[in-house]
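Me: I would like to go through this model and ask what stands behind each label. Could you set the values against the definitions for me?

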Amino acid sequence: MNSLIIKNATISTPLGRSARKGGQMAHLHTIENGAVIVKDGIITYVGPMSDMPAVENPENYQVIDAAGRAVLPGFVDSHTHLIFGGYRPDEFEWRLKGDSYMSIMERGGGIQSTVNATRGESVEALAAKAQWFIDRMVRMGVTTVEAKSGYGLDTETELRMLEAIDRLAQDPEQKLKVVATFLGAHAVPKEYAGRTAEYVDMMIAEMLPAAKGKARFCDIFTEKNVFEIEDSRRFLKAAREAGFKLKLHADEIVQLGGAELAAELCAVSADHLLHVSDRGIADMAKAGTVATLLPLTAFTLREPYAPARKFIDGGAAVALATDLNPGSCFSGSIPLTIALACIYMHMSIEETITALTLNGAAAVDMADRTGSIETGKDADIIILNYNNYRMLPYYVGMNCVRTVISRGRVVAEND
C-alpha cells in the first residue's frame, strides 16, 4: 500500500524545489498537529489536521498516528561509494599509526587495493553486498542514495558496477531511490601509471560512450598527483558533451582549485572541500553549485572539517552526505554525520536537516521530486521517536528514527 494518512504529526520541513542557500537553510516550515495525505506515493495534502480534506475510498489508505512525534523529509545520502569488492581494515590500522591517505595510496593500498578486489566480483555479488548496506541506511531514515562506480578503472568493470547499481535501482521491492554516478576517474590505474593524460584520453574515447545512459552523473577525483585541473577540465567537458551532469571530488587533500573548476563548469555539486579557498566558496555560491560536505571522512582521517559556516555565511548551498566507502570512511552513519555537523562544523540543527534533505536532493538533481514534505512530491518521509527534531544531534550518534516511508510505502519500523 502506498496511499496513507499521517495524522497528529509535528511536521518540520524545508520548502522549495531547489537548494536552499545561505540563511535560507535555517528556515524550516513547522506545522503543529499536522497531517499528510499520500495517494499512490505522491503527497496530496500537507497542513493542519483541522483543514484536512476527506479522501475517497478511505479503506484504501493506511493510517499512521504520529502521536505528536516529529515528522521530517527522508534523508538523502548524496555521496557514497556503495559498490565495491573486498575490505581494507589493515589500512585503518596503518592510519592509526600515522600513515597518510596519500602515502597509503603510494604503497599500493587505497583505491587500487579495492580495484583489485572489485575486478573479480560479479554483478550479483556487488549488488547483494550493496543491498546489505542499503537495508541499514533505510533504518537510519535514508530514502534516496547516490551510488558511484569507480573501483573498476577499466571499461568492463566500470560497466559491471553500473549494472549492479541499475539492478538495485530497478528492483521493484527496493526500499529507496538509487541514483547512479560514473566515477571512472577515481584514480589512475596501475596499468596507466605515469600516463595520466593517456588514461583520460581512453576514458573520453571509450568509457564515456559506454557509460552513457547508465548513469546520471559523471564525477572525477580532482586532486594533486591524481587528476589535476587541466585533465579534470578536459574530462568533465567531454562528459558534459556526452550528456552527463557533473560532480567533482574537490580540494580534499590540498587546495588545488577544484571548487573554482566546479563553479566554472556549473557542476551540480563539488564534494569534500576540506581545503577550499575563499574564492572557491564565492565562485560556488555564485554558480549555484552545491557544496556536499562529508564530515565522517574528515573524522576518520583526523583531518580538519570542511568550513561549513564559510559556505553558508557566504550564501552557498550546503549538503551533507556520508561518503560510505571501504577505505577512507567505512561508515554510513547518518546519526554521527548529524552530530559532527552540529558539534564540530557549527551548523544549526535546522541547517543540518536542510543539508540532509532538500539540499541533498538538489545535489543529485532531484529537488523537484523529493527532499521536502510538499504537495506533488514523492512521499519520502520519516517519523522520529520524539516530538522534537532537536533530539537528532542531542542523542549523539544514535538513531532517532522510528518509521521510514519511501514513495508512500512504510519500508522500516524501528523499536
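Reply: Gladly; what follows takes the labels in turn, with the cut-offs beside the values. This is a predicted model, in which local features need pLDDT of at least 70 and side-chain atom pairs count only at pLDDT 80 or more, while totals for chains, interfaces and linings use all residues. Residues are numbered from 1 along each chain as its sequence is written, and side-chain values use heavy atoms, with hydrogens and water left out.

Me: How do you know that Cys 342 is in no disulfide?

Reply: A disulfide is a pair of cysteine sulfur atoms within 2.5 Å. A search of the whole structure turns up 0 of them. For Cys 342 the nearest cysteine sulfur belongs to Cys 400 and is 11 Å away, and because the definition asks for 2.5 Å, Cys 342 is in no disulfide. Seen from Cys 400, the nearest cysteine sulfur is that of Cys 342, again at 11 Å.

Me: Why is Cys 400 called buried?

Reply: Buried means under 20% relative accessible area, exposed means over 50%, and partly exposed is in between, using a 1.4 Å probe and protein chains only. Cys 400 has a relative accessible area of 1%, so Cys 400 is buried. Cys 342 has 17% and therefore is buried too.

Me: What makes the pair Arg 167 and Glu 124 a salt bridge?

Reply: The term requires a side-chain nitrogen of Lys or Arg within 4 Å of a carboxyl oxygen of Asp or Glu. In this pair the N to O distance is 3.1 Å, so the pair meets that definition. The structure holds 26 salt bridges.

Me: Which parts of the chain does the pair of Arg 167 and Glu 124 link?

Reply: Arg 167 is in helix α5 (residues 155-170) and Glu 124 in helix α4 (residues 123-139), 43 residues apart. Helices here are DSSP runs of H or I with at least four residues, strands are runs of E with at least two, and both are numbered from the N terminus. Both partners count as partly exposed: Arg 167 at 38% relative accessibility, Glu 124 at 46%.

Me: How do you know that Glu 264 and Arg 233 form a salt bridge?

Reply: Their closest N and O atoms are 2.9 Å apart. Glu 264 lies in helix α8 (residues 258-264) and Arg 233 in helix α7 (residues 229-241), so the pair ties together parts that are 31 residues apart in sequence. Glu 264 is partly exposed at 43%, whereas Arg 233 is buried at 19%. Another salt bridge joins Glu 198 and Arg 195, with 2.6 Å from N to O. A network of salt bridges links Lys 177, Arg 369, Asp 378 and Asp 380.

Me: What makes the link between Asp 231 and Arg 234 a polar contact?

Reply: A polar contact is a pair of N or O atoms within 3.5 Å; within protein, one must be able to donate a hydrogen and the other to accept it, and residues adjacent in sequence count only if both atoms are side-chain atoms. The side chains of Asp 231 and Arg 234 are joined at 3.3 Å, so the distance meets the cut-off. Asp 231 lies in helix α7. Leaving aside neighbours within four places in sequence, Asp 231 is in contact (heavy atoms within 4.5 Å) with Thr 196, Ala 197 and Val 200.

Me: Why is α12 called mostly covered?

Reply: In α12, 8 of its 10 residues are buried. Among them are Ile 334, Pro 335, Leu 340 and Cys 342. The cover for the buried residues includes β6 (75-77), β7 (142-148) and α10 (295-301). At the N-terminal end, Ser 333 caps α12, with a side-chain oxygen 3.1 Å from the backbone nitrogen of Leu 336. Ile 343 lies in α12 (residues 334-343) and is partly exposed, at 44%.

Me: Is Gly 85 buried or exposed?

Reply: Gly 85 has 0% relative accessibility, so Gly 85 counts as buried. Gly 85 is found in the loop between β6 and α1 (89-96). Leaving aside neighbours within four places in sequence, the residues in contact with Gly 85 include Thr 114, Ala 117 and Leu 126.
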